[in-house]
Amino acid sequence: MDSTVEKLPPHVLLFPFPAHSHIHFLLNLAELLCHGGLHVTFLVADQAHRLLLNDAAVQSRFDQYPGFQFQNLRDGLLPVLDSQRPTLDETTEFGFSFLEVAKPRFKDVLTSSSSDWQKAEDSDHVARKSSIACIIADSMMASFAVDVAGEAGIPIMCYHNACPSDFWAVLCVPKLIEAGEIPFQGDDLDVPIANVPGLEGLLRRRDLSSFLRVGDLSDKNTQFIINGASQTHRACMILNTFEELEGPALAQIRSQGTNIYTVGPLHEHLKTRLTSMIPPNNLKKEDTGCITWLDAQPLRSVIYDTCDRVMIEKMIKELMDTRRVEFTQSANQIAKLAKNTVSKGGSSYINLDRLIEDIRSLDTD
């Protein structure tokens with residue numbers, strides 16, 4: 001190689017599932033990776049791509065990183081994120097439709113020649129990029145992303161948006177079925193779960209993912225989650241948590257041979273490592289019409305009731321009276337742990353640095 005050729009920073013491709021919380025998480029991680037000196041391409045679905053490019057706050061946030069760019073997957077699907085209140089069925093249908101078309105589009109992106117990364121798609125200021133050194137994909141896409149990355153010879157890591165306990169419970173589904181703990185028999189959600197190793201005595205039925213609290217485990221959504229978890233398990237995992245908070249579940253996942261980077265809480269990393277406050281990422285405008293309507297109503301003429309008020313009163317009483325001191329102490333303890341873990345020398349601080357250095361070591365350009 002010509003020694004006079006400029007050495008470009010390692011190039012990471014981030015690929016979130018097109019849902020608000022998933023995109024929000026990866027935008028935070030993207031900024032931390034950029035801050036760590038990496039080049040980042042943020043690959044998103046059509047509708048999310050358009051909304052992100054039109055979001056002045058997001059654009060301003062990433063303008064300071066010439067190595068960052070958004071890229072459109074061009075899935076061609078009708079928008080759902082535009083809707084202020086998409087139904088669960090609409091969201092689910094969009095998700096499965098996206099997964100069906102995403103695999104060939106994703107493969108096309110990975111087979112692009114390195115010269116295709118020399119120019120930015122969305123902004124003239126974006127720096128030239130080397131070929132992709134590493135992929136960080138949403139675990140929701142693991143069912144195809146892990147295999148496609150393997151075919152392209154590109155290392156892949158998966159980030160999981162839920163807590164490690166949830167992920168570990170999904171991996172333990174065969175044990176739970178064999179023990180007769182799922183599908184549930186009866187409606188009592190406080191029954192303890194005994195066959196998730198390491199979490200005995202901690203989990204109840206209600207603590208399991210909603211996809212596992214179904215009467216039919218052949219349900220399409222349930223099977224998708226189970227299959228996705230098994231694929232994610234094959235790759236390195238990035239989790240938005242920290243060791244001191246969920247050590248038992250993390251130990252069990254690691255016992256399966258999975259390399260885990262616990263880099264959470266990401267929003268605390270942003271506060272610690274960046275000097276400016278980061279505005280929240282919201283892909284759609286707030287619907288304030290209800291507030292306008294409410295302001296026009298006579299005083300004390302509107303009751304907002306979405307659930308059992310007796311149950312809510314009971315829960316509030318327990319929180320504010322019976323167990324107030326307990327909850328306050330617990331919240332303060334967790335907040336202190338979170339602050340310490342992202343401080344220099346903390347476990348999450350070290351793991352984020354390790355993630356960045358490990359990505360650097362994967363760069364072969």
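This is a predicted model: local features need pLDDT of at least 70, side-chain atom pairs count only at pLDDT 80 or more; totals for chains, interfaces and linings use all residues.
Residues are numbered from 1 along each chain as its sequence is written, and side-chain values use heavy atoms, with hydrogens and water left out.

**The sheet**

Strands here are DSSP runs of E, at least two residues long; helices are runs of H or I, at least four; both are numbered from the N terminus. Two strands pair if DSSP finds at least two bridges between them.

Seven strands form an open sheet, in the order β3-β2-β1-β4-β5-β6-β7, with parallel pairing. Colour β3 (68–72) and β7 (260–262): each stands at an edge with a single partner strand, so one side of each has no neighbour in the sheet. On average, neighbouring strands are turned by 25° against each other, direction ignored.

Axes are lines fitted to C-alpha atoms, for helices over the stretch in contact, and angles run from 0 to 180 degrees between N-to-C directions.

**The rings**

Next, show the aromatic side chains. The structure holds 12 aromatic pairs. Rings of Phe, Tyr and Trp (its six-membered ring) pair if their centres lie within 6.5 Å; planes under 30 degrees apart are stacked, over 60 edge-to-face, the rest tilted.

Select Phe15 and Phe106. Their ring centres are 4.7 Å apart and their planes at 20°, so the pair is stacked. Phe15 lies in β1 and Phe106 in helix α4 (residues 88–110), so the pair ties together parts 91 residues apart in sequence. Phe15 is buried, at 0% relative accessible area. Buried means under 20%, exposed over 50%, partly exposed in between (1.4 Å probe, protein chains only).

Move to Phe25 and Tyr159. Their centres are 4.8 Å apart and their planes at 15°, so this pair is stacked. Phe25 is in helix α1 (residues 20–35) and Tyr159 in β5, 134 residues apart. Both are buried.
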